[in-house]
Amino acid sequence: MPAASRHTGSTHGVGASFEEMRGWRAFLHLARELKLARLARLAYPYRGRAVSSIVAMIVVTGSTLAVPYLLKVAIDDGIQARDMAVLGRVILAYLAVSLINLGASYLQTYLTSWVGEHVIYDLRRQLFAHLQKLSLDFFSRQKTGWIVSRLTNDVDAIDQLVTDGVTTLVTNSLTFAGAVVLLVVLDWRLALATLSVMPFLIVATLWFRSRSARAYALVRNRIGDVSAHLQESISGVRVLQMFRREHSDYDRLTEVSGAYRDVNYRTVVQSGVFFPFVEFMSTAAVVIVLWYGGHLVGGDALQIGVLVAFIAYLDSFFDPLQQLSQLYNTFQASMAAVQKIYTVLDTAPDMQDAPDAIDLPDAHGEVELRDVSFGYAPDSPVLHAVSLVIPAGRTVALVGATGAGKSTLVKLLARFYDPQAGSVLIDGHDLRAVTQRSLREQLAVVPQEAFLFSGSILDNIRFARPSAGDDEVKRVARIVGVHDFVEGLPDGYETEVQEGGSGLSTGQRQLISLARALLADPRILILDEATSSVDAESERRIERAMEVLFSGRTSVIVAHRLSTVRYADEIVVVDDGRILERGTHAGLIAAEGRYADLYRDWEATGAAL
Amino acid sequence: MDTIRRILELLGGYKWLTALSFVLAFAQMGLGLVVPRVIQLTINNALLGGRPGLLVTYGLALLGVAAVRFAVGVGRRLASGKVSLAIEYDLRNRMWAHLLRQPFAYFDRWPTGQLMSRAMSDIQNVRMFLGYGLVFFVTNIAMMAAIAVILVIMDWRLALLSLTFLPFLLLVTLRFSRRLNPILKDVQQRIADVTATAEENVVGSRIVRIFAREDDELARFSDRSYRVFEASVAAARTRAVYIPLIAFIPNLAVAFLLYYGGRQVVDGGLSLGALVAFYSYLMMLVSPARVIGWLTGLAQRAIASGERVYEILDAPLEMHEKPDARPLRGVGPAKGTTSAPETGADLSSSPLGAVDFDGVWFSYGERPVLRGVTLSVPAGRTVALVGHTGCGKTTLTNLVPRFYDPGGGSVRVDGQDVRDLQLADLRRHIGVVTQDPFLFSTSIAENIRFGKPDASEEEVRAAARTAQADDFIEALPDAYKTVVGERGFTLSGGQRQRIAIARALVMDPRILILDDATSSVDAETESRIRTALREVMRGRTTFIIAHRPSTISLAEQVIVLDRGRIEEQGSHERLMAAGGLYAQMFGDAERHGCCLDDAGGDETTDAAGAAVGGVA
């Protein structure tokens, strides 16, 4: 038997150390580690129902355990004593107990599920709400699938635990405990005799638990591998076919699938041996009881009824053991899920309103970066002491090579991140001193990739201002040029946008994104231009839309298109995290500096169309 | 019904093991039925009958039975486990093999998520049913029948009395599962809704923040989550009613048994041992009855899943390779091949790469995209395809490697209809680069050699150098061994495109298709790629789809497509002069002073400067 050890290598994580511990100590350690207390606290608002359900469980257990006892009385005091009246009364008692059991079972199942499902609902909401507060840094570090998995798969994994799992745990534990007590009360000598099978059972259970925990964890990993492989291969099936890699991919799948099958079979072997063994031990216990009990009965030291009841109670002794062992695996699966969920919940939101934050007053729109330094990783700065003042109402284009820091600069302007040194100010207010909500109401960002939600085109534009009426939305759409192509669509504005982008071209999506920004009518607009090229027609429409968008507000554009520069009052050249040049187009061209070079390159590629 | 038959037929591949598991299951059940009988005998003969010596005998017999039962139980689980896992393995492989042979059009219709759920959870549902569901189903029914028979033999009047509850119990159980299943399906659907909302919110988290819509999003999500709660509670309520009811019904029977059976024991018509046995057997009926309900649900799920799985397996292959398909026949050694032909068959490895489109028609569903396109591209020529979005450029090039088949007309390579050729061989000679290239989560080197797994390191590097990717790859921590993230997203769009170009080049294909292949690459890098490509394209038939005049300028011939037909064709200069559609599309280039030939700098700068000077 593995010795208990608290100091197993931490690389193995909670799972391994748990296997090596025993019983209650293990459970407590686990509970602490897994913040089961936190999970239980979620049930606190429903404590009325929770307590009622536990009372119901106790009643159910009690009534179930009462049955063999009634049977004993029926046999000894009724049948053997030839007293039909007693028999009649016992049977009535039996029916009464069964009815109580029925009612209590209903309550137990319903209430436990109600509380459990509500806890799940609360947890989901809590997780989602927390995600809304987390900084964008978190989202860029994690894969979408990972984050979504927390909200869906992991919460679902806990579902079984908090509903059926709790019931099984409580009722089986109570049944087991009750059965032990009753067995001792009925005849302590027989009870002792029965205990002789316990050592074997304990060994077997421990063996099974540690082995199966590891095996099931492996199964979860391997099925994850299969899933990941298929996911990737299906997504890239066209590329597989393009490059004639069908055979090698198929071989790879059979490999991964085979590994899963083999590990799964290991769990089959483990349970295949364990559960029949427990059954064997329970029959062995019956034999022991029959031998010893029979001997006692023969010597008139025991009534037959007691013996019969005892044998009946053995079921209530072994059955819970089997159920609890099966529950253990469900528990393991939920363990991993709880850990992951709380990892997210414990991530502190990076960006919170300062306690004395004020609302940004109606901005004129002057934007300033004062000596700003920033890096995504603390030791690799992207911006070095950048200072820049953009007067209200101006349109400024940021240009520079890829990786120069343009996009980073505008992210700081929009307060997606806070600078590590220096400050970002709007109308003289440091962004960290104003509420995020007030900032968002006056500042809009058009990102590089036009992200549209599932819903109609109208809904997507209206996302900027839900209170806007249809007319207002359509007016904006017309200005931006969305109206032209929408009219050509069969469902018009009600056309459903698919997240996958099917249906609308890149250019059209960009236009919708611009319409959305226009509807927001911000004082300050930040636009990170899309890099992918579109056909000339769309290009023209987008240009016109941008022209409209920039007028009447302070606009800061990260420009990739030569044509966009036309609309700027001023151009700022960013290089290697610093501002290199600044001025009007004509002025910079004349200066024959970096801008002039860039411009010539642009022309050569005909990036302007 | 048909589906259940097909699912059962899957067991056919494992006849012996399946038969063994059934035999063992029946043995296990039979042995289990012996136990109450032995207990009965013990009580009657050894205890009441006053023959304590028999205790040892009966005890040993019981132990013997238990031991055999143990062995049988283990054997059964191992056998049925092996069979069901093997079937899962087979089904998944078969499904994937079948899918791999389906063409692009098939995957245009099937979202990844749908295929995934069929390959994963649906197959697992079938396995679980075949693994233990089926065996339990059969043995439980047999057990109930056997117990009924035993009880009748013991005392038919008592048996009749006790068994009246049985059909009633079964009915309730079946009704329960019929009630519960639609509710459970509803729960699943609502959970799917929550997942979709969550996904959207995470992907669009930036937009949500920008427009300060966090509260609205939370409200929307809460709504959907609450619906899951409601449906789950409805399911719980159903369970809370039926499951205790199902447990209660046998209790009624026991009450009757105790009363009438008890009276019979008192009157001497029945032994106490028999009564106890009766009671035990009656209790043994309860769990099978309960389990039947659950098993019916399992069977229903298996059938539903089976149907979904067979939907994929039965789907006819939408693109066929003819049984007598030939490899692409070359007409002579092409430029670039190094060694002299070793055997006559080597001719097939050096096609010229001439491509002919002959009256090609193509529609996506109802919408015609190509209307009778006829085009001849001689070997080694570089053509550019231009036109508005949706005019058919990509569709046309997709026909060459036979990713799609035309609805009318034909596509020929070196005079051979592509439908007569072996797909693998045809595609070996065609390299494709798309606008949004898909890279696999393996090393960059492996990605580049994707089309030619035996390419040497030098070949990989050479291709990367031409694609202007070598520099940034070397700058990465693990250089060529760097593992690309899922779908290649840890690299920038431009980097992915360059790797994709290298991937196509390494195959040394005779035909190259570049579909907007440099759209995400910045101007400077693009001009370097252009220079390199100019070399590479010599001697290769190249199709370029692009929007930038600089890229289009690589082509010797420009084809302008409009509404599925060729509007104009010719060289760039001639088309500009012609003043037609092409000139219209790219005319602004002149206004912006964009030069495709090396014109003087001042002139263009002034023109551009004048345009920019007038600021909005």
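**Figure 1. Trp361(B) stands opposite Gly408(B) in β4(B).** The structure shown here and in the other views is a predicted model. Strand β1 (residues 355–364) of chain B is joined by 5 bridges to strand β4 (residues 408–413) of chain B, and the two run antiparallel. They belong to an open sheet of 4 strands in chain B, ordered β2-β1-β4-β5, with antiparallel pairing.

**Figure 2. Strand β8 (residues 541–545) of chain B with its neighbours β3(B) and β7(B).** Of the 5 residues of β8(B), 5 are buried, so the strand is largely enclosed by the rest of the structure. Thr541(B), Phe543(B) and Ile545(B) point one way, while Thr542(B) and Ile544(B) point the other way. In a regular strand the side chains alternate between the two faces of the sheet. Strand β3 (residues 382–386) of chain B runs parallel to β8(B) and is joined to it by 4 bridges; here Leu385(B) has Ile545(B) as its bridge partner. Strand β7 (residues 511–515) of chain B also runs parallel to β8(B), with 5 bridges between them, and Leu512(B) stands opposite Thr542(B). A right-handed β-α-β unit is made by β7(B), helix α17 (residues 523–536) of chain B and β8(B).

**Figure 3. Helix α6 (residues 156–163) of chain B and its buried face.** The buried residues in this helix include Leu158(B), Ala159(B), Ser162(B) and Leu163(B). Seen down the axis of α6(B), the buried residues fall within an arc of 120°, so they line one face of the helix. The face turned away from this buried side carries Trp156(B), Arg157(B) and Leu160(B), which are exposed. Among the elements covering the buried residues of α6(B) are α5 (112–154), α7 (165–203), α9 (214–267) and α10 (272–314) of chain B. At the start of α6(B), the backbone nitrogen of Arg157(B) has a side-chain oxygen of Asp155(B) within 3.2 Å.

**Figure 4. Ile461(A) in the largest nonpolar core.** This core has 120 residues, and Ile461(A) is listed with Ile158(A), Leu398(A), Val482(A) and Leu514(A) as having the most contacts inside it. Helix α5 (residues 84–133) of chain A gives the most to the core, with 11 residues. Apart from neighbours within four places in sequence, Ile461(A) is in contact with Val473(A), Ala477(A), Val482(A), Ile512(A), Ala515(A), Arg516(A) and Leu519(A). A second, separate core has 98 residues, including Leu190(A), Ala309(A), Leu169(B) and Leu270(B).

Key: Residues numbered from 1 in each chain as written. Chains lettered and ligands numbered in written order. Predicted model: local features only at pLDDT ≥ 70, side-chain atom pairs only at ≥ 80, totals over all residues. Heavy atoms only, no water. Buried < 20%, exposed > 50% of the residue type's maximum accessible area, 1.4 Å probe, protein only. Pairing = 2+ DSSP bridges. Right-handed = clockwise from strand over helix to strand, strands pointing away. Core = buried A, V, L, I, M, F, W, Y, C linked by side-chain atoms within 4.5 Å. Contact = heavy atoms within 4.5 Å. Arc of directions from axis to C-beta. Polar contact = N/O pair within 3.5 Å; in protein donor to acceptor, adjacent residues only side chain to side chain.
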